[in-house]
Amino acid sequence: MSASAGPTPSLTAESSTAVTQAPDADGSSNNTIIETMLDLEEIDKDLYRSKKLWVPMGARGVFGGNVVGQALVAATNTVSTEFSVHSLHSYFLVPGDHSTPILYHVERVRDGKSYCTRTVTAKQRGNNIFVCTASFQVPRPDALSHQYPMPDVPHHSTLPSQEDLIRSMINNSKVPENLTEILKLRLEEPVALDFKDTKRHTLKELMNPPLRTEQSFWIKSKGQLGDALALHQCVVAYGSDHNLLNTVPLAHGSTWFSRRGPNAKITMMASLDHSMWFHCPFRADEWMLYVCETPRSGSDRGLTFGRIYKEDGTLAVSVAQEGVVRLQPKTPSAAAIEQPKL
């Protein structure tokens, strides 16, 4: 995360705490993948430019979490370190183009004693592609609090990583060859986070999943991060867009792997809006449980809610997102569909 064009991301002069660790004496940097994805160049007061943009396989544009995370970096760079983000509300207007840097303009809406507000507008080629309003507060950790309890799920130490699962599918002779080639490409993507699904799915369940309205997985950044809370908040903002909207097609028995089965087929998915509430300090380089739920879908839209817990059970972040979810209706006769032999 950078407030300058140099190799070391840091907050602006208004803040005294560097978000990431300084480079070594030879100028080298040990920044993680996620810090590289969040890094910005300050080109004028309250104006920043992206350095790295990622388009996931099959996506229509830049990964939404990439934009949310960078927008929060830009907003945080204009706020004193005594403040910490407590909420953000954003809209995705058009897909981002990875071939053109995104410009982030920060409007200082209000500066108060306990709260301050920033609005960030992201542009490409003069057009608005994303808008976000973030609110910051001077924390009050001693105030009364309550929370939903963390669900009882398998511990992350007992679960395989997402990469391990992909490798096992690649080596499974029952997986269709065309899917195997896609999985090989998936392993080469610069994914900045580690994931561990709390459920162990069989290949049959992946190809023809049961109907459900929730999923959960453990998540953390790859590599160790610095101690600045602002960095960890921006990392979770980035990661919160992973898999959340994918909960909607699960309610219809559909995943990206189930295209050969009898259930509804995904034809398009894209985020429309994204909101977050940050409840307490946490570390994004330690395992956190992401619980995702979908209460409703219709009119080619799906609504999702997420809760992100620290390993000790503390609810650290809440998330809400609505997105475009277009599904081809279920085939009337499942018998007419060639079923994979599993």
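Q: Which residues touch the most other members in the largest nonpolar core?

A: A nonpolar core is a set of buried Ala, Val, Leu, Ile, Met, Phe, Trp, Tyr and Cys residues joined through side-chain atoms within 4.5 Å, and buried means under 20% relative accessible area with a 1.4 Å probe, protein chains only. Here the largest core has 57 residues, and L72, Y104, F130, F136, Y238 and V317 touch the most other members. Helix α2 (residues 64-76) gives the most, seven residues; helices here are DSSP runs of H or I, at least four residues, and strands are runs of E, at least two, numbered from the N terminus.

Q: Can I trust these details, and how do I find the residues?

A: This is a predicted model, where local features need pLDDT of at least 70 and side-chain atom pairs count only at pLDDT 80 or more, while totals for chains, interfaces and linings use all residues. Residues are numbered from 1 along each chain as its sequence is written, and side-chain values use heavy atoms, leaving out hydrogens and water.

Q: What is F130 in contact with, beyond its neighbours within four places in sequence?

A: Contact means heavy atoms within 4.5 Å. F130's partners include V67, V68 and A71, as well as Y91, F92 and V120.

Q: How many of the residues in α6 are buried?

A: An α-helix has 3.6 residues a turn, so residues three or four places apart point the same way. In α6, ten of the eleven residues are buried, among them L231, C234 and Y238.

Note on methods: Buried means under 20% relative accessible area, exposed over 50%, partly exposed in between (1.4 Å probe, protein chains only).
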